[in-house]
Amino acid sequence: MIEFIQAVFDPDNRFLTYALAMGGLSAVAFGIIGTFVTIKRIGYLAGAISHSILGGVGLALYLQSAMGLKWADPVLGAVVAAVSAALIIGMVSIKAKEREDTIIGTLWAVGMAAGILFLDKAPGYFNLTSYLFGDILLISGRDLAYVVCLDLIILAASLLFFNRFFGICFDEEFTLLRGINTTAYYLLLLILTALTVVLMVRIVGIVLVIALLTIPPAIAGFYSRRLWQMMAGAVILCIFFTWTGLGISYYFSLSSGPVIIVFSGLVYVTLLIVNLLIRKA
């Protein structure tokens, strides 16, 4: 780890500085939205949203390479695909609960398949590994700018509508009886989740995104009595897992995304076992 710390302060290793900045900046959104997702138990919805992102990424890369549209950035494509999937899944979840699983599964599979097909038709070679499993070491200055913008949107909305989100997560029927449009706020929460998932894709990838979205809040929930405490704990844990996983992956020359997830998963399982043993004692 000493070598990693020395490398961080080396001016030639700017990519490590970007990676640490990415982990720190995005952890705020991860902790807040991840807590809502965990409490509301909509992790499976977030999973479908994350896998739909590949369709938007593939379309953007196709428009860039085949059509010459330079503005078609993969991040923009990911945002459009994620928000669209969130709205579709949200409306289906509300209006047609009996078909919810089918629609979610369809979007999950079709999103990834469409992305691969777009890439098949796009000129050149595109490495899907960074999108599927993440590679925080490839973060650029532009990526950080996107993160800051999306982070500010998520933070502003979460703070402004905190009580509404609290209501639909813990007692949606009571919130509705108070005259609050629960449908609108539920869809807004899913959109914020979609934006958060877009942030995570560059860190741990599409396949592993659900773990980082749910594990830190789950651990924080072991030791929290209030929602804000759970959020604060999740933010700190996100930073800890990302930075520590990055250091481990750098030292052992491993893929950063899987290392971050395996490390956070081991911590979660260890604490879960410890808590169970304490309860039985």
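Visitor: Are Phe165 and Tyr185 buried or exposed?

Guide: This is a predicted model, and the answer rests on its computed accessible areas. A residue is called buried when its relative accessible area is under 20%. By that cut-off, Phe165 and Tyr185 are both buried.

Visitor: How are the ring planes of Phe165 and Tyr185 arranged?

Guide: The two ring centres lie 6.5 Å apart, and the planes meet at 80 degrees. Planes over 60 degrees apart are counted as edge-to-face. Because the angle is 80 degrees, the pair of Phe165 and Tyr185 is edge-to-face.

Visitor: How many residues apart in sequence are the parts tied together by Phe36 and Phe165?

Guide: The structure holds 14 aromatic pairs. In the pair of Phe36 and Phe165, the ring centres are 5.5 Å apart and the planes stand at 70 degrees, so this pair is edge-to-face. Phe36 belongs to helix H2 (residues 14–40) and Phe165 to helix H8 (residues 162–170), so the parts that the pair ties together are separated in sequence by 129 residues.

Visitor: Which side chains meet in a salt bridge?

Guide: In general, side chains of opposite charge can pair when their charged atoms come close. The count for this structure comes to one salt bridge. Its N to O distance is 2.8 Å, and the side chains that meet in it are those of Lys40 and Glu172.

Visitor: Which of the two residues, Lys40 or Glu172, is partly exposed?

Guide: Lys40 lies in helix H2 and Glu172 in helix H9 (residues 172–177), so their pair ties together parts 132 residues apart in sequence. Lys40 has a relative accessibility of 18% and therefore counts as buried. At 32% relative accessibility, the partly exposed residue is Glu172.

Visitor: With which residues is Ile260 in contact, leaving aside its neighbours within four places in sequence?

Guide: Ile260 sits in helix H12 (residues 256–280) and is buried, with a relative accessible area of 0%. Once the sequence neighbours within four places are set aside, the contacts of Ile260 are Ile203, Val204, Leu212, Phe241, Thr242, Gly245 and Leu246.

Visitor: In which loop is Arg41 found?

Guide: Arg41 is not a glycine, and yet its phi is positive, at about 60 degrees. With a relative accessible area of 69%, Arg41 is exposed. Its place is the loop between H2 and helix H3 (43–65).

Visitor: What is the phi of Ser253 near?

Guide: Ser253 is found in the loop between helix H11 (227–252) and H12, and at 65% relative accessibility it counts as exposed. Although Ser253 is a residue other than glycine, its phi is positive, with a value near 55 degrees.

Visitor: What is the radius of gyration of the chain?

Guide: The chain has twelve helices and zero strands, and its C-alpha trace spans about 55 × 50 × 30 Å along the principal axes. For 281 residues the globule rule gives 19 Å, and the chain comes close to that value, so it is as compact as a globular protein of that length; its radius of gyration is 19 Å.

Definitions and conventions:
Residues are numbered from 1 along each chain as its sequence is written. Side-chain values use heavy atoms; hydrogens and water are left out. Rings of Phe, Tyr and Trp (its six-membered ring) pair if their centres lie within 6.5 Å; planes under 30 degrees apart count as stacked, over 60 as edge-to-face and the rest as tilted. Helices (H or I, at least four residues) and strands (E, at least two) are DSSP runs, numbered from the N terminus. Buried means under 20% relative accessible area, exposed over 50%, partly exposed in between (1.4 Å probe, protein chains only). Contact means heavy atoms within 4.5 Å. A salt bridge is a side-chain nitrogen of Lys or Arg within 4 Å of a carboxyl oxygen of Asp or Glu. The radius of gyration is taken over C-alpha atoms; the globule rule is 2.2 Å times the number of residues to the power 0.38.
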